[in-house]
Each structure stands twice: as C-alpha cells, then as structure tokens.
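Hi,

Here is the model I promised to pass on. Have a look, and my notes follow below.

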Amino acid sequence: MIIRKSQIRTEKSNLKGGKGLVKREFIVESKDLRNKAKLFSKITIPVGNSIGMHDHVEDFEVYYILSGKGQVLDNDEIVEVNEGDVIYTADGNKHYIENIGDEDLVFIAVVINE
C-alpha cells in the first residue's frame with residue numbers, strides 16, 4: 001500500500017489538556033495498524049503549545065524529534081529535548097511535551113499496544 005501525502009488526514013486539536021492546539025498528521029490510520037499499535041503520526045506543536053500530562057499503562061509511546069526544541073517530563077524530571085532525541089514512555093509512567101523553542105516542535109509519535 002502506498003499512502004500519498006494528499007491522502008494523509010490532518011487535524012488540529014487540543015491534546016490531553018495541553019496548551020493550545022497541536023497538528024496531527026495520521027501517517028497510518030489506527031484501523032490499518034491491525035491492533036498492534038494505536039498511533040503512527042507526525043505531530044507539530046507550535047511555539048508555547050503542548051500535549052498535556054498523560055500516562056501509558058497498556059501501551060507505550062515513542063517520540064522521535066525531527067526538529068525544534070521541547071521539554072518533557074521523564075521519570076519525574078523535566079528534560080530538554082532536541083532534533084534526533086527519542087522519548088520512550090511505558091510501564092504506567094506519565095509524560096507531557098511542550099514546545100519551548102522559537103520554531104515548531106515536530107516529531108514522529110508511535111503508540112504501540114502491550
């Protein structure tokens with residue numbers, strides 16, 4: 001299957017009670033992930049916006065930072081992240097991500113079922 005850029009569904013919404021709106025590009029829709037994963041998306045967070053605090057109990061989430069600068073909660077510590085960094089959240093841990101830079105924070109997000 002080939003998914004053309006023009007076929008990728010995009011939406012802007014507030015995620016998990018974070019600050020402002022976040023753009024999601026659904027690279028592969030959840031129905032096509034065959035219950036192995038919930039999400040495979042490109043996320044764009046504008047300056048000052050965020051995805052709010054949430055946990056991962058029956059799944060785990062991986063972010064791969066493509067560009068920009070952000071901060072995340074990692075094991076109860078606030079950590080700065082930049083292009084090329086990977087954030088992995090599982091085992092009931094909580095996290096959020098916020099754009100603290102001066103350009104969009106862009107990353108790939110994958111949520112995989114346990």
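Thr44 is buried, at a relative accessible area of 10% (buried means under 20%, exposed over 50%, partly exposed in between, with a 1.4 Å probe and protein chains only). Thr44 sits in strand E3, residues 37-45 (strands are DSSP runs of at least two residues, numbered from the N terminus). Leaving out residues up to four places away in sequence, Thr44 touches Val22, Lys23, Glu25, Asp104, Leu105 and Val106 (contact is heavy atoms within 4.5 Å).

Some housekeeping: this is a predicted model, so local features need pLDDT of at least 70 and side-chain atom pairs pLDDT 80 or more, while totals for chains, interfaces and linings use all residues. Residues count from 1 along each chain as its sequence is written, and side-chain values use heavy atoms, without hydrogens and water.

Now the core. The largest nonpolar core has 17 residues, and Ile43, Ile45, Ile51, Tyr63, Ile65, Ile97 and Phe107 touch the most other members (a core is a set of buried Ala, Val, Leu, Ile, Met, Phe, Trp, Tyr and Cys joined through side-chain atoms within 4.5 Å). E10 gives the largest share, four residues. Beyond four places in sequence, the contacts of Ile45 include Ile51, Ile97 and Phe107.

As for the sheet, four strands make an open, antiparallel one in the order E4-E9-E6-E7 (strands pair if DSSP finds at least two bridges between them). E4 (50-55) and E7 (77-82) are the edges with a single partner each, so one side of each has no neighbour in the sheet. Four bridges join E4 to E9 (residues 94-99), and Ser50 has Glu98 as its bridge partner in E9.

Cheers
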